[in-house]
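This briefing goes through a protein model by topic, from its overall form down to single residues. Please keep the sequence and the structure at hand while reading.

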Amino acid sequence: MTARVVLELPVRREFDYLVPAELVPKTKLGSRVTVPFQGREVRASVVGLLDSAPDRPLKSVIGVVDEVSLLVDSVMNLAKWIAEYYNCPLELALRSALPTAVRRTEARHQQRLVVQLRPPPPSEKPLTPLQQRIVGLLEERGEMALADLIRVAETTATSVRRMQTNGLLSIVERRVERDPHASDLLVSTAPLELNAEQSVATGIIIAALLKVAEEQDSSVSPEKPLPAFLLHGVTGSGKTEIYLQAIAKALEMGGGAIVLVPEISLTPQTVERFRSRFSTSHDPGVVAVLHSHLSDGERHDEWHKIRDGRARIVIGARSAIFAPVKRLALVIVDEEHEHSYKQEETPRYHARDVAVMRGRMERAVVLLGSATPSLESFQNALAGKYQLLQLHRRASDIRMPVVRVVDMRHEQRGGKQGGSIISLPLKEAISLRLERHEQTILFLNRRGYSTSLLCERCGYVAGCPNCSVSLTYHRAAARLLCHVCGYEEQVPARCPEAKCGNPGIRYSGLGTERVEEVLSKLFPRAQVRRMDSDTLKRKYDYREILADFRTGKIDILLGTQMIAKGLDFPNVTLVGIIHADLGLHLADFRAGERTFQLLTQVSGRAGRGDVEGEVFVQTFTPFHPAIQFARRHDFEGFFEQEIEFRRQLHYPPFARVALLTLKGRNDEKVKFCAEHLGRELKRRTEGWPDLVLTGPAPAPLLRAETFYRHQIMLRTRSMSRLSKELADISATVTLPEDVTIVIDIDPVSLL
Ligand code: ADP
Ligand code: ZN
């Protein structure tokens, strides 16, 4: 037998090896093997098995790594499709499909080191701040796995071991069941009685599930592709309840399900809703959760629970689409419009599109859900590729919140104390909520204190030495920070220009830290909490803040996009959007769509309980369509106007985009290469009917992390043809060593 393998090295090629007789029984499609390669032993995945004798002498496979093959056929096929469509080496696609924690052979169900506190020894020595932090953590949680402790306390094994030597704590070996949610208290929930709109939608989905199951039982080969569904339901319309009931049906018929949610809304609250419905006492492990905060060990155990078939429902972010679920019947992509489904490194796949492909390959029902579907998906639904299911009303008949647009151009002039940041109407609305003991969410999609530091005398602006952006002032940390590369420096006391030295440098632009300060001045007695990546340092911070908000310990929750999605707090009756125009003027054809989506999602957090909600949108462009349609909760109105613009300019969904970015440290050289490549592309695509080539041009973010960047954009309907051409070009056109090219198919960010 001959095995065709992909090496775990970026060589963009497959190789054949002979399988020795004794290894034949263990070598399966998807098995990992070790093979000789250029005098070394290298790991590889088997992607094909051939029975015929080879026509030339081959080297032999040395050994088989895992007892069972880790890659199931369906996932392997998916990886092959990704490699081809997204133009990346198969070994990288395979790597995405198999988590590192699973691929590493050392990661077994294993013993773990657990740290426990010991009664304090009568030592006089005061604890260092680090030691205090560690002791505090252990007091709070009883005991912790060493690895978790190191991560959470941001320390090293050496420091912890030293504390052991000092008799402050002990480290013991123990087999731990790595269930990330073992400590959650679950109250099991029963299915809700569906309202009319929900019943119709659920009925249609269940009928499709039944049809697929029937096909499988009668083993007739199906002729028609399934419809994949688009569920468009306003915020709070009860989409999740539909997911739950559809999953219940899939399980009943012996199938499994994958639920994708954006990382950001993979909140404990979301997970709990699924677990409390399905994780009953006789089957507690039926729901597996995959997200980025799992430790390697937890990820390993969750993954094997799925592979063994013990877990039948998988909830996770982007990469959960590769979960090896048995008899996959249903794939749900919640918030399908979310850009975080796109992976921003190779392979640059879009998990929603991969989900649709997986559904097609395995004949599983795919359900995309959103209150603000992407233009691509809604157009697909109108074109009949997806069946459209709509929910126009909130589930328990609560009304949609009233949205008021505040024109900040007028507010500015009256701006007294913080008036240019919190308008008078919003201020009064907040006061009213404080009086009534209701809660407020304030949203501003920019962290830090101010966006730039500038000298009014000489025009100096503090910029990043590595990127073409200005530095953001973070007041609590007293640092200037680059949000692109993470560069930081001290805040200068005076203008650093040698000739100037003006002590009157000032800050401009607005971040959450500044809003927090203004709020504490305007409402000194209110409990205000800020939630952005600066305030979330530890794994549990997120949970803690949300728990405090739920129990009413916080009156006003202020945050970035982290608080925009998925939160369901009935006592929130007011939502304020501090600066709605922030994303509107980006050099991106989706800027309007993105703003509309964000405004709709944030507004959707208001009035989910008994009291009707109210939303204030502060803006400098009150008549922009994205703002006006969001105000009226009119998705279809927005769609109709936006789709026209896309049609005329031949943008998605009327074409697919391939974005080529060339990067290097020498601007002239990168530019030269981009021009050369541009000419070559033009020559090769001469006469293609619907191809539009723009550029080369400097990227909107010309310099990032010390690299200069120039772009070429290609738009066409037949991406598979273009993909092949691009694969060919990248194999034949040679670039200088210090210039690299990134090919992004269906990009979601054009920066
Ligand atoms: P969506 O996912 O569309 O934003 P959710 O599923 O979160 O909406 O539902 C919003 C609220 O309505 C939740 O509190 C949910 O429990 C409730 N709900 C959903 N369906 C029903 C129903 N049929 N009857 C009563 N309440 C419901
Ligand atoms: Zn930078």
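Two residues are in contact when heavy atoms lie within 4.5 Å of each other, and on that basis residues 24 or more positions apart account for 75% of the contacts in the protein with a separation of 6 or more. This is a predicted model, in which local features need pLDDT of at least 70 and side-chain atom pairs count only at pLDDT 80 or more, while totals for chains, interfaces and linings use all residues. Residues are numbered from 1 along each chain as its sequence is written, chains are lettered from A and ligands numbered from 1 in the order in which they are written, and side-chain values use heavy atoms, with hydrogens and water left out.

**Overall form**

- The protein contains 21 helices and 30 strands, where helices (H or I, at least four residues) and strands (E, at least two) are DSSP runs numbered from the N terminus.
- Along the principal axes, the C-alpha trace of the protein spans about 85 × 80 × 65 Å.
- The domain assignment gives domain 1 (2-103), domain 2 (110-176), domain 3 (196-396), domain 4 (402-447 + 511-645), domain 5 (450-509) and domain 6 (656-745), with bounds that come from an automatic or database domain assignment.
- Between the C-alpha centres of domain 3 and domain 6 there are 35 Å.

**Surface and charge**

- Of the 751 residues in the protein, 54% are buried, a term that means under 20% relative accessible area, whereas exposed means over 50% and partly exposed lies in between (1.4 Å probe, protein chains only).
- The accessible surface of the protein is about 34,300 Å², and carbon and sulfur atoms hold 51% of that surface; the areas come from the Shrake-Rupley method with a 1.4 Å probe, and for residues only the protein chains shown count as cover.
- There are 101 positive and 92 negative side chains, and the centres of the two sets lie 3 Å apart; Lys and Arg count as positive and Asp and Glu as negative, while His and the chain ends are not counted, and the place of a charge is taken as NZ of Lys, CZ of Arg, CG of Asp or CD of Glu.

**Helix α12 and its surroundings**

- Helix α12 (residues 375-382) is mostly covered, since six of its eight residues are buried, namely Leu375, Glu376, Ser377, Phe378, Asn380 and Ala381.
- These buried residues of α12 pack against β9 (228-233), α11 (351-362), β14 (365-370), β15 (386-391), α17 (591-603) and α19 (635-649).
- Just after α12, glycine 384 adopts a positive phi of about 85°.

**Selected residues and their contacts**

- Threonine 619, in strand β26 (residues 614-619), counts as buried because its relative accessibility is 0%. Not counting residues up to four places away in sequence, threonine 619 touches Val405, Val406, Asp407, Met408, Arg409, Ala580, Asp581 and Ile627.
- Valine 602, in helix α17, is buried with a relative accessible area of 1%. Leaving aside neighbours within four places in sequence, valine 602 is in contact with Phe443, Ala564, Val575 and Ile577, and the C-alpha atoms of valine 602 and isoleucine 563 are 7.8 Å apart in space although the two are 39 residues apart in sequence.
- Glutamate 516 belongs to helix α15 (residues 512-522) and counts as partly exposed because its relative accessibility is 25%. Beyond its neighbours within four places in sequence, glutamate 516 is in contact with Arg530 and Leu558.

**Backbone features**

- The peptide bond from proline 652 to proline 653 is cis, with omega near 5°, and proline 653 sits in the loop between α19 and β27 (656-664).
- Glycine 695 and proline 696 are also joined by a cis peptide bond, with omega about 5°, and proline 696 is part of strand β28 (residues 692-704).
- Histidine 437 is not a glycine, yet has a positive phi of about 60°; histidine 437 is located in the loop between α14 (424-436) and β17 (439-443) and, at 67% relative accessibility, counts as exposed.
- Aspartate 746, likewise not a glycine, has a positive phi of about 50°; aspartate 746 lies in the segment after β30 (739-745) and counts as buried at 12% relative accessibility.
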